[in-house]
Amino acid sequence: MSISEKIKSRIHTLPTLPTIYHKLTESMQNPRVTTEDVAKIISTDQAASFKVLKVANSPFYGFSGRIETITRAILHLGFNEVKNIVLALSVINLFSKHKKVETFRPVDFWAHSIGVGIASRMIGAYVGISNLENFFLAGILHDIGKLLFLEFADDEYSETLRVVKEKKIPIRQAEKETLGLDHPEAGRLLADRWKLPLTIKNAIYNHHEGFVGDKPDLLVASVHVGNIVSRIMEMGYAGDDLIPEPNEKVWGVLNLPEQPFTGMVDELMQNYEETVGLLLRD
Amino acid sequence: MIKLTSTEDVKVGMILGAPLVNQYGQILINSGAEIEERHLELLDKWGIRYLSILQEDAGGGEAPVDENQVQEAEGRLGERMKWKPRNQFEEDLVQMAMKKMTQYQ
């Protein structure tokens, strides 16, 4: 059985996303839903409420210490961003207990992904996008396919990681060589299984290209560059320590100001350390 | 330096560090514009929650970097980055890597 068949045959055994996320998605489809209705749903899960408030108050969102209730979090950040925080927290929680494979530890994987989420959102802000709701979540979930390998093919993935070390090649190339399937493809399977929004699925499947097919996409381009930034800044570990070459065409999509990357270093590091502390430490 | 700032904290006189565009790519306020009272009203009306605000550098400069440290950083970068920068943004990525390796270790 190929790895792809193995994953497809077992993907249904993965835990589903928590009920609270589905209830939120459902309620937001109702045009008459109120802030209080949504706050009530989140408040049914005390652990989630507590963490949502902590994240909403992080300097990353710019409201440090001023958001005391879920209702205020929704008013300041918007329905979708709060739902995205709930989803990010749920997925990190689902996959954080996995044992390490070779040198690859879930905590480092998440630290890299959080770095990509923060960098992508900052890039989106630099480009001047007014709606940044999906940027952090897309970065958090961009490499989620790697976790399917850890979950369903950890022996084979050990071999992939050994090949990375031996040949000094990118993990994606080693995945193709050893598993016949790379993490964007595996991530797409999980995105389908969890019925994630198309924008997020596009970022998962296309983050190495920076485009959706040949179509420019600001979110996908930002995650493409965010991944490179997170690796440059050595935030966590993505399976290899190489810095991928950007797709030159993304610079034409992202209308960035001069010296955007050297200019963001201090704020990026501060946001990263704070957010890793909030999301990965109890 | 550009800082992502909550619109609640944006004040008249601040300078926009990047153009504010809507989801269709249309520019709502140009980069470099000085924020006026009418902008604050519009931001509220448009439901904009964050703005990229230009900030003065803190001053004092960065700590001087030892030459050996730079050479070591260049060596490590050469092992991790197998491509050459082709434009100002990729050159800035290289500079970012050097800054990380010489100032944030």
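This is a guided tour of a predicted model, stop by stop.

**Before you start**

The model is predicted, so local features need pLDDT of at least 70 and side-chain atom pairs count only at pLDDT 80 or more, while totals for chains, interfaces and linings use all residues. Residues are numbered from 1 along each chain as its sequence is written, chains are lettered from A and ligands numbered from 1 in the order in which they are written, and side-chain values use heavy atoms, with hydrogens and water left out.

**Stop 1: chain B as a whole**

Select chain B. It holds three helices and four strands. Helices (H or I, at least four residues) and strands (E, at least two) are DSSP runs, numbered from the N terminus. Follow chain B from the N terminus and the order is β-β-β-α-β-α-α.

Of its 105 residues, 38% count as buried. Buried means under 20% relative accessible area, exposed over 50%, and partly exposed in between (1.4 Å probe, protein chains only).

Now think about contacts, meaning heavy atoms within 4.5 Å. Among the contacts in chain B with a separation of 6 or more, 58% come from residues 24 or more positions apart.

**Stop 2**

Select B:R86. Look in the loop between α2 (67–80) and α3 (88–103) of chain B. B:R86 counts as partly exposed, at 37% relative accessibility.

Which residues does B:R86 touch, not counting residues up to four places away in sequence? They are A:E245, A:P246, A:N247 and A:E248. Zoom in on A:P246. Its backbone oxygen lies 2.8 Å from a polar atom of the B:R86 side chain.

B:R86 and B:A33 are 53 residues apart in sequence, and their C-alpha atoms are 30 Å apart in space.

**Stop 3: helix α7 of chain A**

Select residues 106–127 of chain A. This is helix α7, with 22 residues. The expected span of a helix is 1.5 Å times one less than its number of residues.

Is α7(A) largely enclosed or largely open? It is largely enclosed by the rest of the structure, because 21 of its 22 residues are buried. Just after α7(A), A:G128 takes a positive phi of about 95°.

**Stop 4: two helices that pack**

Select α2 (residues 19–28) and α6 (residues 79–95) of chain A. Two packed helices are described by the angle between their axes and the distance between the axes. Here the axes come within 10 Å and cross at roughly 165°. That makes α2(A) roughly antiparallel to α6(A).

Axes are lines fitted to C-alpha atoms, for helices over the stretch in contact, and angles run from 0 to 180 degrees between N-to-C directions. Angles under 35 degrees count as roughly parallel, over 145 as roughly antiparallel, 65 to 115 as roughly perpendicular and the rest as oblique.

Show the side chains. A:I20, A:Y21, A:L24, A:T25 and A:M28 in α2(A) meet A:F79, A:N80, A:K83, A:V86 and A:L87 in α6(A).

**Stop 5: A:D143**

Select A:D143, in the loop between α8 (135–141) and α9 (144–152) of chain A. Is A:D143 buried or exposed? It counts as buried, at 2% relative accessibility.

Beyond four places in sequence, A:D143 touches A:F109, A:H112, A:H183, A:H207 and A:A238. A polar contact of 3.2 Å joins the side chains of A:D143 and A:H207. A polar contact is a pair of N or O atoms within 3.5 Å; within protein, one must be able to donate a hydrogen and the other to accept it, and residues adjacent in sequence count only if both atoms are side-chain atoms.

**Stop 6: A:R172**

Move to A:R172 in helix α11 (residues 171–179) of chain A. Its side chain makes a polar contact of 2.9 Å with the side chain of A:D182. Leaving out residues up to four places away in sequence, A:R172 touches A:D182, A:H183, A:P184, A:H208 and A:E209.

**Stop 7: A:K168**

Step back to A:K168, in the loop between α10 (154–167) and α11 of chain A. Most residues other than glycine have a negative phi. Phi of A:K168 is positive, near 50°. A:K168 counts as exposed, at 63% relative accessibility.

**Stop 8: A:T275**

Finish at A:T275, in helix α16 (residues 260–280) of chain A. A:T275 is buried, with a relative accessible area of 3%. Its side chain reaches the backbone oxygen of A:N271 at 2.6 Å.
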